[in-house]
Amino acid sequence: MAGNSFGQIFRITTFGESHGEAIGVIIDGCPAQLPIDMEYIQGELDKRKPGQSKITTQRKESDTVKILSGVFEGKTTGTPIAMLIPNEDQRSKDYSHNTDVFRPSHADYTYQTKYGIRDHRGGGRSSARETAARVAAGAVAKLLLKTQGIEILAHVSSVGKIDAPNVTITSAKEFLAIRESNILRCADPGTAVEMIDFIDSVRKDGDTVGGKVSCHILNCPVGLGEPVFDKLHAELGKAMLSINAVHGFEFGSGFSGSEMRGSEHNDIFVKNHLGDVKTITNFSGGIQGGISNGMPIEFKVAFKPVATIMHNQQTIDAAGNAAEISGKGRHDPCVVPRAVPIVEAMAALVIADHWLRNKNSHL
């Protein structure tokens with residue numbers, strides 16, 4: 001199976017399945033002598049792990065990561081970093097009912113048709129379990145970016161039709177404290193209560209619901225991104241759309257920008273009191289011509305409802321016969337609370353890769 005690697009200089013390759021012995025990632029291209037904070041890396045994984053609250057899947061995984069290579073005496077050596085996360089709570093019997101039946105809106109049919117074989121236990125490689133490996137690699141990328149003062153901060157900004165107001169980030173520490181004060185990871189606590197109640201009611205109905213995650217990249221230097229096909233927003237879009245259940249990506253003004261006039265949308269340049277070039281507005285989302293302009297990079301990621309619902313659904317089996325499938329197993333009623341660290345991780349991988357690529361852009 002191709003397509004398991006991401007990035008050019010800071011490059012990762014993930015491996016493993018939902019119900020295999022373990023999942024993991026190989027990081028290649030990470031500079032030597034980067035201090036590795038295992039407590040920080042584990043903390044990022046803890047934000048993604050299952051079983052956190054009543055609005056997440058009840059699968060119990062500690063997601064304890066182990067570094068097998070590439071780190072010596074607490075620092076990277078410049079060689080490939082291998083990270084392993086054991087699977088501890090597989091219940092493969094929960095999926096015995098869909099061995100030869102295709103679950104609606106899952107990857108069962110497409111995988112079976114493409115490869116002629118599939119791992120029906122939790123979706124195998126197509127399971128969101130794989131994203132734990134991305135979060136581990138993204139945590140290393142975030143540690144690299146922190147050496148440059150670059151911060152990546154995401155939160156749940158909508159669930160169903162409930163939208164949180166736009167947030168103003170004055171400090172990363174304060175933002176994270178507010179976000180982590182509720183199980184939804186919404187930076188507006190009042191809206192979070194409404195969203196949590198709604199998700200819980202959907203869960204009790206045996207159904208699921210989608211939502212959006214908003215992400216802000218602060219202190220990104222000017223000049224990241226490569227014309228023409230590796231524009232920074234195109235790279236971020238690819239990264240986000242590679243995440244399970246993502247059905248939409250927009251940066252800056254996004255789709256609403258198509259409803260504006262140029263006189264409204266143009267970001268006017270000014271110099272601030274420090275002599276730095278800034279823009280009065282940020283409809284460009286921190287990226288112009290595919291290259292970062294020094295303003296905060298802002299984008300939103302839309303997640304569809306989880307495909308597994310606790311209702312019987314009509315479908316077909318492997319022979320093409322009509323069949324009925326029942327919802328079983330442990331699944332999220334809404335993925336967005338656990339998707340926040342995944343969005344941050346994929347953003348970090350893109351920015352780390354382009355920060356390294358930009359080092360040889362000119363003499």
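## A walk through the predicted model

Tyr 109 counts as partly exposed, because its relative accessibility is 48%, a value that falls between the 20% and 50% cut-offs. The model is a predicted one. Tyr 109 has an aromatic partner, Phe 102. Phe 102 counts as buried, because its relative accessibility is 8%, and buried means under 20%.

The structure holds three aromatic pairs. In one of them, the rings of Phe 102 and Tyr 109 sit 5.5 Å apart, centre to centre. Their planes make an angle of 70°. That makes the pair edge-to-face, because the angle is over 60 degrees. A pair of aromatic rings is described in just this way, by the distance of the centres and the angle of the planes.

Look next at β8 and β10. Strand β8 covers residues 151–159, and strand β10 covers residues 211–218. The two run antiparallel, and eight bridges join them. Val 159 stands opposite Gly 211 in β10.

Rolling a probe the size of a water molecule over the atoms shows where empty space is left. The second largest pocket holds about 660 Å³ of space. It is lined by 27 residues. Closest to the centre of this pocket are Asn 166, Val 167, His 216, Glu 298 and Lys 300. Which element gives the most? Strand β10 does, with five residues. By class, the lining of the second largest pocket has 10 nonpolar, 12 polar and five charged residues.

The structure holds two of 30 Å³ or more. About 40 Å³ of space lies in the second largest cavity. What lines the second largest cavity? The residues are Ala 107, Asp 108, Tyr 111, Arg 118, Asp 119, His 120, Gly 123 and Ser 126. By class, this lining has two nonpolar, three polar and three charged residues.

Terms used:
Residues numbered from 1 in each chain as written. Predicted model: local features only at pLDDT ≥ 70, side-chain atom pairs only at ≥ 80, totals over all residues. Heavy atoms only, no water. 1 Å grid on protein atoms, 1.4 Å probe; cavity = no way out; pocket = protein on both sides within 12 Å on 5 of 7 lines; lining within 4 Å. Points joined across faces, edges and corners; volume = space filled by probe spheres on them. Nonpolar A, V, L, I, M, F, W, Y, C, P; charged D, E, K, R; others polar. Phe/Tyr/Trp six-rings, centres within 6.5 Å; stacked < 30°, edge-to-face > 60°. Buried < 20%, exposed > 50% of the residue type's maximum accessible area, 1.4 Å probe, protein only. Pairing = 2+ DSSP bridges. Helix = DSSP H or I, 4+ residues; strand = E, 2+ residues; numbered from the N terminus.
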